[in-house]
Amino acid sequence: MSAGFISIDCGIENGNDYTDSETGISYTSDAQYVESGVNMKISDLFLSQTQNYQKLLSTVRSFPEGNSSCYTLKPTANGGGNKYLIRAFFMYGNYDLKSQPPLFKLYLNANEWDEVKLDNASQILIKEVIHNPPTDYIHVCL
């Protein structure tokens with residue numbers, strides 16, 4: 001993990017951390033940040049369409065139980081008074097072979113941040129927000 005950054009690859013198995021050769025960003029598994037969901041791989045048909053994000057977008061964490069699930073992040077600097085850039089990448093990739101891209105909302109703590117609406121399996125969507133949390137923890141919920 002780069003100093004001051006929490007870079008998570010959703011869907012990779014715990015212990016399969018890596019450094020992206022293009023960006024130099026070190027990614028870790030999301031397993032230590034969330035308590036639910038299952039790891040899935042996107043369909044091989046869509047791997048070539050992930051372009052510069054091939055490793056990052058080749059797996060996803062799915063929440064088939066349909067309930068809200070939260071990632072609990074604790075930045076190295078105490079939360080209150082600091083601003084954090086939160087960037088999330090989304091791609092459906094037909095991981096469940098249903099050809100039905102999901103639609104869901106994103107929340108920061110209890111506040112709605114944005115909506116994720118993917119039009120097709122190959123679309124890559126990036127959501128960003130600058131957040132000034134009132135506590136030492138940041139809850140990013142889907």
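**View 1. The open sheet formed by β1, β3 and β2 in this predicted model.** In the predicted model, three strands make up an open sheet whose order is β1-β3-β2 and whose pairing is mixed. Its edges are formed by β1, residues 8-9, and by β2, residues 18-19, each of which pairs on one side only. The strands β2 and β3, the latter spanning residues 26-29, run antiparallel and are joined by 2 bridges. Within this pairing, Tyr18 has Tyr27 of β3 as its bridge partner.

**View 2. The hairpin of β8 and β9, together with the pairing of β8 and β11.** Strands β8 and β9 are paired in the antiparallel sense over 6 bridges, and Leu103 lies opposite Lys117 of β9. The two strands form a hairpin with 2 residues between them, and in that turn Asn109 adopts a positive phi of about 55 degrees. Strand β8 also pairs with β11, again in the antiparallel sense, over 2 bridges; here Tyr107 stands opposite Cys141 of β11.

**View 3. The largest nonpolar core and the surroundings of Trp113.** The largest nonpolar core comprises 26 residues, and those with the most contacts inside it are Trp113, Ile138 and Val140. Two or more residues of this core are given by each of β6 (70-73), β7 (84-91), β8 (103-108), β9 (111-117) and β11 (138-141), with the largest share, 5 residues, coming from β7. When residues up to four places away in sequence are not counted, Trp113 touches Ile86, Ala88, Leu106, Tyr107, Leu108, Lys127, Glu128, Val129 and Val140.

**View 4. Asp44 in helix α1, shown with Tyr33.** Asp44 is part of helix α1, which consists of residues 44-47. Because its relative accessibility is 65%, Asp44 counts as exposed, a class that requires over 50%. Asp44 and Tyr33 are separated by 11 residues in sequence, while the distance between them in space, taken from C-alpha to C-alpha, is 27 Å.

**View 5. The second largest pocket and its lining.** The space within the second largest pocket amounts to about 170 Å³. Its lining is made up of Gly11, Ile12, Glu13, Asn16, Asn39, Met40, Lys41, Gln54, Lys55, Ser58 and Thr59. By residue class, this lining divides into 6 polar, 3 charged and 2 nonpolar residues. Strand β4 (38-41) and helix α2 (54-57) each supply at least two residues of the lining, and the largest share, 3 residues, comes from β4.

Definitions and conventions. Residues are numbered from 1 along each chain as its sequence is written. This is a predicted model: local features need pLDDT of at least 70, side-chain atom pairs count only at pLDDT 80 or more; totals for chains, interfaces and linings use all residues. Side-chain values use heavy atoms; hydrogens and water are left out. On a 1 Å grid over the protein atoms alone, a cavity is a set of points where a 1.4 Å probe fits but cannot get out, and a pocket is an open set with protein on both sides within 12 Å along at least five of seven lines; lining residues have an atom within 4 Å of a point. Grid points are joined across faces, edges and corners, and a volume is the space filled by probe spheres set on the points. Helices (H or I, at least four residues) and strands (E, at least two) are DSSP runs, numbered from the N terminus. Ala, Val, Leu, Ile, Met, Phe, Trp, Tyr, Cys and Pro count as nonpolar, Asp, Glu, Lys and Arg as charged, and the others, Gly among them, as polar. A nonpolar core is a set of buried Ala, Val, Leu, Ile, Met, Phe, Trp, Tyr and Cys residues joined through side-chain atoms within 4.5 Å. Buried means under 20% relative accessible area, exposed over 50%, partly exposed in between (1.4 Å probe, protein chains only). Contact means heavy atoms within 4.5 Å. Two strands pair if DSSP finds at least two bridges between them.
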